[in-house]
Amino acid sequence: MGYSGKTNKEKRNIEEAFQEAYNVLQVAVQMTEIVAEERNRLKDPLLRNLDIKVGMNTGKLIGCIIGTKVARYDIFGQDVLIARLIQRDCPVGSVRASEQFRRMMARKSFIYDTFYWQEIDEVVLPALEIRMKTHICEQIFAENETSEEQEEGQFLANGAAAKLSRGQIRDMQQMQTVGKDGVVDANRRVMDSERGSTDSKAGIEF
């Protein structure tokens with residue numbers, strides 16, 4: 001179970017919440033892709049069943065340090081429980097999102113439309129009288145899209161989510177340089193400075 005968030009609730013706004021949800025979605029998709037690529041690359045019989053599934057939800061939670069001998073930080077709440085249930089029943093190798101997470105992403109169609117959202121089974125919590133739709137989420141790339149075009153699209157999506165103008169996005173691409181220590185990604189640095197916190201949660205199982 002993972003989450004991101006530390007901005008005081010009185011200071012939060014919907015733009016921050018959207019950016020945080022988008023960050024969680026990007027990480028989830030990339031994790032499933034990396035695990036599949038490494039499993040196929042290594043071709044190790046011991047790793048043939050290595051896989052990952054991710055469940056995502058967004059909402060409210062309570063975080064605290066628990067334990068006496070071994071203290072650890074944990075999160076609790078109704079929306080945390082929903083994230084766990086979504087992850088538990090998620091097909092292996094997939095990213096599954098709650099309806100409220102999907103609605104959060106739908107606030108910005110230019111990002112939402114770069115993903116395919118397939119509605120599947122509901123999550124049901126009888127004790128809380130909750131029934132929620134869930135969706136398998138897959139990133140969409142055009143078949144004839146080149147790697148440069150994919151990179152351009154990623155810059156545009158990231159920049160738009162951070163409320164940057166097209167000119168600023170173009171400047172970030174031009175600023176991307178290669179030095180002795182590798183690639184200096186100006187886009188990542190700008191996005192990190194814009195990044196707020198989130199109540200978005202991802203349930204992760206290996």
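Visitor: Start with arginine 103. Buried or exposed?
Guide: Exposed, because its relative accessibility is 55%. Keep in mind that this is a predicted model.

Visitor: How far apart are the closest N and O atoms of glutamate 99 and arginine 103?
Guide: 3.1 Å, in a salt bridge.

Visitor: And where do glutamate 99 and arginine 103 lie?
Guide: Both are in helix α3, residues 99–105. They sit four residues apart, about one turn of the helix.

Visitor: Why does glutamate 99 count as buried?
Guide: Its relative accessibility is 10%. The cut-off for buried is under 20%, so glutamate 99 qualifies.

Visitor: Switching topic. How many salt bridges does a search of the whole structure find?
Guide: Eight. One of them links glutamate 38 and arginine 41, with the closest N and O atoms 2.5 Å apart.

Visitor: Which helix holds glutamate 38 and arginine 41?
Guide: Helix α1, residues 14–42.

Visitor: Last one. Which residue does aspartate 89 pair with in a salt bridge?
Guide: Arginine 88. Their closest N and O atoms are 3.2 Å apart. Aspartate 89 counts as partly exposed because its relative accessibility is 45%.

How values were computed
Residues numbered from 1 in each chain as written. Predicted model: local features only at pLDDT ≥ 70, side-chain atom pairs only at ≥ 80, totals over all residues. Heavy atoms only, no water. Salt bridge = Lys/Arg side-chain N within 4 Å of Asp/Glu carboxyl O. Helix = DSSP H or I, 4+ residues; strand = E, 2+ residues; numbered from the N terminus. Buried < 20%, exposed > 50% of the residue type's maximum accessible area, 1.4 Å probe, protein only.
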